[in-house]
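Q: Hey, can you walk me through this one? I'd like to go through it bit by bit.

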Amino acid sequence: MGVASKGSEIRGLSAELTSFVGRRCEITEVKRLLAGSRLVTLVGVGGVGKTRLALRVAADVRRAFPDGVYLVELAALECPDLLVQAVTEALEIPDLSTRPLLEVVAEHLRDRQTLVVLDNCEHLLHDCAVMAETLVRSAPGLRILATSRQVLGVAGEQTMVVPPLPLLDGDMSRPPGRSPEQSDAVRLFAERAGAVLPGFAVTDDNREAVVRICRSLDGIPLAIELAAVRLRAISVEQLLARLEDRFRVLTVGSKVVLPRQRTLRALIDWSYLLCTAQEQLLWARLSVFSGSLDLEGAEHVCSGDGIATEEILDLVIGLVDKSILVREEHRSKVRFRLLETIRQYGRDRLRESGQEERLRRRHRDWYLDLVLRAQHDWFTPEQVTWYARLRTEHGNLRTALDFCLAAAGEAESGLIIASALRYYWIAADSPHEGRNWFDRLLAADERPTPARAWALCVKARLAVLQSDFTAAAALLEECGELALRFDDLTITGSATYVAGLAALLQQDLPRALTLLGKALDCSRRTDDQIGVVNSLIYLATTRSLLGQSDQAVEQFEECLAICGPRHENWFRSYTLWTYGIEVWKRGDIRRAVEMEREAVRLKEPFDDHLGIALCIEALAWMSCGDGDSERAALLLGALREIWRSFGGPLFGYLAEHHDACERAARGDLGARGFEAAFRKGTGLTLAEALEYAMREDPPEVEPQRRPSPLTRREMEIARLVAQGMSNKAIAAALVIAQRTAEGHVEHILVKLGFTSRVQIAAWVSRQERGDDPSLSGDAP
């Protein structure tokens, strides 16, 4: 499912491509600030290393946050309305409710010990401040580490100005016990120079020149890295001479030291001038991409008017060699990224050329074509590949939609893009975002067009999945009128299917049977195979609920017969899920379980949290029906949190099976036995619950004991006390203030009725051996 073990990694972070140099003092200071404040903001000029510092600190302290460390990258996010959506994606919070997303995030974090890194907040300053303040007030175990060129201005915020890398002061003489090459700035230069010029080292002959280079660049890491790349073509001494010449021109007539912003700008200017004319052109054009891009996208968007398509590859290689483009590995493919400071510089150049709107339009056209191809291939063996590609391109899809809203007369193209993503919005757990785009695009273009009709239909489908049936009905009414106006049976069939699904979810089974039957007929007449499969899945489900078992099985089998030869995952998985329930009801538990597990395997490439949870729920019912009530209770407990995050237990028409399973398990296990197994399940992550559901043996979790008087944090501290750690050492390990650690130890002593740390250690030892039934460490 793509769910990592708690605290094991920083979610959303790619592996560092270059080594991290220095910053020991800054790392220590940021950790100190995090121990005493819920919100810490790293402030500094572009290129000074705020992001790298934040991520290094996050990696160092991740063990202190058992519920995870998450990176939320904001540089490519242009629309403030999508800020909270970006956080839900980074935290992998599934939600199909209509609740405000900020409320959903706050509830998700409320009882968790989590660190969230908000990177590049400056262009969304107010919105980041409001969100951060809301979250830290709602979730006492949350820490936020932000990076920005300005402070957020939130009460209780601690800030640290990230300085340039330190340089030695005074002359070039070597201080006692320390050589100039040991300064962080010089070490960074040496490492980056060695990467482009194997064998490079700081020696007695070049030491003075290297130190002067780093000093002239004010110790700004990005500037140092850009300068070091030049050693491919010139010597250290030549590099120094050219830098001093450039800065001398900038400061002529003034004794004032060049401001750091201008230092970096001058270095980027120089990097730009050292590029060929075609490389400069490509650099500017690539700035229209958000986040990363692939070679195919660069070829289609950036070629022409001075750059032939076949020249793009060599130009990209040239920009990578000059450290303008960063190369990234994405599964079996390579993508490229402009660092944000470099991208903004390129965008300025593009704007100055008067070509910005033309390139943004070409960017939009490329992604319009991309999503239409993805829609065409969704019912093929390429489905998973397309889904993965759309996930990777999510930032660029947002940028394309932003253009459609910003440019006059382009909203219709935006409606087409958003509608073509109809399955993506669902698979990516993004119904909120999909509806947000439709809201804005439909308001921007109210003309009665086929594009509007499709948009209304897709938006209604997303509303139905969020149980917003009133909104869906109004959308479908307008959609139906437009479908009649254009005499488009495909739109009519799709809208009727959505209405039928809404009736099913509201448990109006006769109406669902009628509407889904009509939708199936429309799809057959237009040879819309996706429409046929969609209608069959839920028509068969409706028949199953009405007791029409043979007809339901016939339609499930037809559905699988259509999907099977296409080797697609999405529709087959949902067919197997609901068909498996019918097979279970018919008494073939073994086959039903295998069908549910196969459905899970098909869903895993999509990270389809809702679909996987539905399959686990069905497996719980089947375990109970097979006499394994403890397994059933454990799985129900594991699903408690995810159903809460969805805003309801599950699809209403299946709620009776959930209730029946719980009653039966309670009856078999007794109230105390059921609660013990259920509680054991609540201690599992979704990944652990999934692993358990997919195998026969029980999960390896601690046996349940009577509730502990200690909270989870107190239990964690008790174990550290048992290891002989002092309060100061505990504070450092958990990134909390020493006074906080002392308070926790005092509370532990009071709760357990002890007077010494030795007693705590002995008590923990008994618990670990299982001798003490009074301790579980799971009390709220």
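Predicted model: local features only at pLDDT ≥ 70, side-chain atom pairs only at ≥ 80, totals over all residues.

Q: OK, so is Trp-283 buried or exposed?
A: Trp-283 has 0% relative accessibility, so it counts as buried.

Q: And Tyr-272, buried or exposed?
A: Tyr-272 is buried too, with a relative accessible area of 13%.

Q: How many aromatic pairs are there in the structure?
A: There are 20 aromatic pairs. One of them joins Tyr-272 and Trp-283, and that pair is edge-to-face. The ring centres are 5.4 Å apart, with 65° between the planes.

Q: Why call it edge-to-face?
A: Because planes over 60 degrees apart count as edge-to-face, and the planes of Tyr-272 and Trp-283 have 65° between them.

Q: Where in the chain do those two sit?
A: Tyr-272 is in helix H10, residues 260-273, while Trp-283 is in helix H11, residues 277-286. They are eleven residues apart, and the pair links distant parts of the chain.

Q: What sits over the ring of Tyr-272?
A: The charged end of Arg-349, at 4.4 Å from the ring centre.

Q: Switching to helices: how do H4 and H5 cross?
A: The axes of H4 (residues 101-109) and H5 (residues 125-138) come within 9 Å and cross at roughly 35°. The crossing is right-handed.

Q: Which residues make the contact?
A: From H4 you have Leu-102, Val-105, Ala-106 and Leu-109, and from H5 there are Met-131, Thr-134, Leu-135 and Ser-138. Of these contact residues, six are nonpolar, two are polar and none are charged.

Q: Last one: where's Glu-662?
A: Glu-662 lies in helix H31, residues 655-682. With 25% relative accessibility, Glu-662 counts as partly exposed.

Q: What does Glu-662 touch, leaving out residues up to four places away in sequence?
A: Glu-662 touches Leu-636 and Phe-674.

Q: And how far is Glu-662 from Phe-678?
A: They are 16 residues apart in sequence, and 9.9 Å apart in space from C-alpha to C-alpha.

Notes
Residues numbered from 1 in each chain as written. Heavy atoms only, no water. Axes fitted to C-alpha atoms, helices over the stretch in contact; angles between N-to-C directions. Helix = DSSP H or I, 4+ residues; strand = E, 2+ residues; numbered from the N terminus. Left-handed = near helix turned anticlockwise from the far one by under 90°. Contact = heavy atoms within 4.5 Å. Nonpolar A, V, L, I, M, F, W, Y, C, P; charged D, E, K, R; others polar. Phe/Tyr/Trp six-rings, centres within 6.5 Å; stacked < 30°, edge-to-face > 60°. Buried < 20%, exposed > 50% of the residue type's maximum accessible area, 1.4 Å probe, protein only. Lys NZ or Arg CZ within 6 Å of the ring centre and 35° of its normal.
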